[in-house]
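This report looks at a protein model from its overall form down to single residues. The sequence and the structure come before the discussion.

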Protein chains: 2
Amino acid sequence: MGDRLVRRIPEPTVVRLPLYERVLRDMRSSGTTTVSSARLAEVAGVNAAKVRKDLSYLGSYGTPGTGYDVVFLLSQIARELGLDQEWPVAIVGIGSLGRALARSPGFTSRGFPIAALLDTDRATVGEEVAGCVVRHLDELAEVAREQRVAIGVVTTPAPSAQDVVDRLVAAGVSSILNFAPAVISVPENVLLRHVDLSTELHVLAFYQSHPEIAGPMLAGTRASA
Amino acid sequence: MGDRLVRRIPEPTVVRLPLYERVLRDMRSSGTTTVSSARLAEVAGVNAAKVRKDLSYLGSYGTPGTGYDVVFLLSQIARELGLDQEWPVAIVGIGSLGRALARSPGFTSRGFPIAALLDTDRATVGEEVAGCVVRHLDELAEVAREQRVAIGVVTTPAPSAQDVVDRLVAAGVSSILNFAPAVISVPENVLLRHVDLSTELHVLAFYQSHPEIAGPMLAGTRASA
């Protein structure tokens with residue numbers, strides 16, 4: 001860095017920031033005002049050197065002997081994560097998973113309101129799920145504009161996923177989170193992330209079948225928030 | 001490595017192996033017999049050098065000019081991931097998310113059969129979900145033994161999660177996947193992984209609010225499988 005105008009935050013750090021944010025919010029709720037990197041590391045289940053490195057990307061170095069100011073660090077992370085604005089979410093595919101996500105307080109937390117639910121099933125369209133009436137996918141462009149949808153979440157069966165993603169992109173939604181087990185293409189200017197719910201089962205099976213290398217794994221995952 | 005008896009596969013590689021496994025299975029289904037690292041990288045949405053490095057941990061280097069043998073590579077990855085055996089899964093907490101996971105073909109794919117569903121709610125216990133009758137959590141020890149449960153999945157509300165994890169551990173379940181937004185502790189010998197469904201929304205919000213560093217991100221996530 002140094003000679004670059006933009007501080008480049010590496011992706012693994014970006015992925016850990018929401019974790020720190022949640023842990024720090026819990027600490028703030030319980031009245032904690034300062035936290036050492038060691039304590040933050042312990043609660044987050046990340047090693048302390050990694051925590052210090054991650055936070056240094058935000059320009060936060062803590063005070064020797066005292067640690068980090070919880071409220072200030074939280075505001076830095078929240079700003080970095082773009083949590084100073086709202087990101088309205090549209091979920092497409094209101095089957096079991098779409099419903100579960102719409103209803104999950106862990107998914108649509110502060111900052112990510114459910115703005116729209118869409119499906120093509122005649123029996124589902126018009127139904128109210130988590131306080132939101134399901135609209136037909138054909139209304140996507142209109143709904144996306146009305147509700148200023150920032151993020152599209154795809155929970156359709158795999159064969160429909162590419163078509164749905166194409167429609168989201170056509171409707172101007174440029175960040176997409178895909179839960180369908182399908183290979184998806186998007187234009188260059190669109191952000192696409194994929195969540196494979198079975199990945200973590202595979203990772204557990206890997207470590208359980210390789211007890212000889214499980215040791216260092218444990219330390220990194222024992223605590224989680 | 002070299003002088004070590006155990007090849008240490010780094011965690012980021014472990015997390016990518018299920019992705020390669022799925023992409024390779026699709027290729028095998030469509031009759032592809034060999035694949036270059038470049039093609040595998042393109043479909044998996046990972047850069048080619050990383051694919052080669054990841055596969056080198058398995059002792060797989062491919063044949064210059066031809067690439068990797070799909071069937072052979074698939075069997076290597078499946079063996080490494082422990083997919084040559086079954087990992088019966090118990091889901092505790094049969095609310096929206098527990099049901100969605102039980103019903104999701106992407107979650108309980110080959111190798112991870114749903115062996116048990118458990119809850120404490122009187123109205124839910126006895127119900128059949130995804131072909132499995134929900135049992136009371138008090139029967140956990142018995143069910144875990146009978147069904148040889150290898151992995152416990154926790155989809156309860158946050159306040160119940162630690163108690164459920166303690167019960168799973170007491171029942172001899174030593175791999176746990178927690179979806180509850182709670183900080184959980186487990187003994188040293190237990191593997192615990194945490195899935196935070198909102199992390200990817202935060203990651204998308206981060207990159208959308210930092211378009212200046214979104215470029216390199218796109219390449220890594222454009223295609224996903």
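## Overall form of chain A

A residue is called buried when its relative accessible area is under 20%, exposed when that area is over 50%, and partly exposed in between. By that criterion, buried residues make up 54% of the 225 residues in chain A. The model is a predicted one, and every value given here is computed from it.

The C-alpha trace of chain A spans about 60 × 45 × 40 Å along its principal axes, and the chain holds nine helices and nine strands. If one takes the contacts in chain A between residues at least 6 apart in sequence, 56% of them join residues that are at least 24 apart.

## Relation of the two chains

Chain B is superposed on chain A by a rotation of 180 degrees with 0.0 Å of shift along the rotation axis, and the RMSD is 0.0 Å. This is the relation of a two-fold axis. The same surface serves both copies, since 100% of the contact residues of chain B recur in chain A.

## The sheet and its pairings

In chain A, seven strands form an open sheet in the order β5-β6-β4-β3-β7-β8-β9, and the pairing within this sheet is mixed. Its edges are β5 (128-129) and β9 (191-194) of chain A, each of which pairs on one side only. Strands of a sheet pair through backbone hydrogen bonds, and they may do so in parallel or antiparallel fashion. Within chain A, strand β4 (residues 114-119) and strand β6 (residues 132-136) pair in the parallel sense over three bridges, and D119(A) stands opposite H136(A) in β6(A).

In chain B, strand β4 (residues 114-119) and strand β6 (residues 132-136) likewise pair in the parallel sense over three bridges, with R135(B) in β6(B) as the bridge partner of L118(B). Strand β6(B) also pairs with strand β5 (residues 128-129) of chain B, here in the antiparallel sense and over two bridges, and E128(B) stands opposite V133(B) in β6(B). The strands β5(B) and β6(B) form a hairpin with two residues between them, and in its turn A130(B) has a positive phi of about 50 degrees.

## Helix α7 of chain A

Helix α7 of chain A comprises the 13 residues 158-170, and at 1.5 Å a residue these should span 18 Å; the end C-alpha atoms are 19 Å apart, which agrees with that expectation. The residues A161(A), V164(A), V165(A) and L168(A) of α7(A) are buried. Seen down the axis of α7(A), its buried residues fall within an arc of 105 degrees, so they line one face of the helix. On the other side of α7(A), P159(A) and A170(A) are exposed.

Just after α7(A), G172(A) takes a positive phi of about 90 degrees. In the loop between β7 and α7 of chain A lies T156(A), which counts as buried because its relative accessibility is 10%, under the 20% limit. Leaving aside neighbours within four places in sequence, T156(A) is in contact with V92(A), G93(A), A161(A), V164(A) and A180(A); A161(A) and V164(A) are among the buried residues of α7(A).

## Tyrosine 68 of chain B

Y68(B) has its place in strand β2 (residues 68-69) of chain B and, at 5% relative accessibility, counts as buried. Neighbours within four places in sequence left aside, Y68(B) is in contact with T33(B), T34(B), V35(B), S37(B), R52(B), L55(B), S60(B), Y61(B), G62(B) and L73(B). One of these contacts, L55(B), is 13 residues from Y68(B) in sequence and 9.8 Å away in space, C-alpha to C-alpha.

## Cysteines

A disulfide is a covalent bond between the sulfur atoms of two cysteines.

Terms used. Residues numbered from 1 in each chain as written. Chains lettered and ligands numbered in written order. Predicted model: local features only at pLDDT ≥ 70, side-chain atom pairs only at ≥ 80, totals over all residues. Heavy atoms only, no water. Helix = DSSP H or I, 4+ residues; strand = E, 2+ residues; numbered from the N terminus. Expected span 1.5 Å × (residues − 1). Buried < 20%, exposed > 50% of the residue type's maximum accessible area, 1.4 Å probe, protein only. Arc of directions from axis to C-beta. Pairing = 2+ DSSP bridges. Least-squares fit on C-alpha atoms with pLDDT ≥ 70 in both. Contact = heavy atoms within 4.5 Å.
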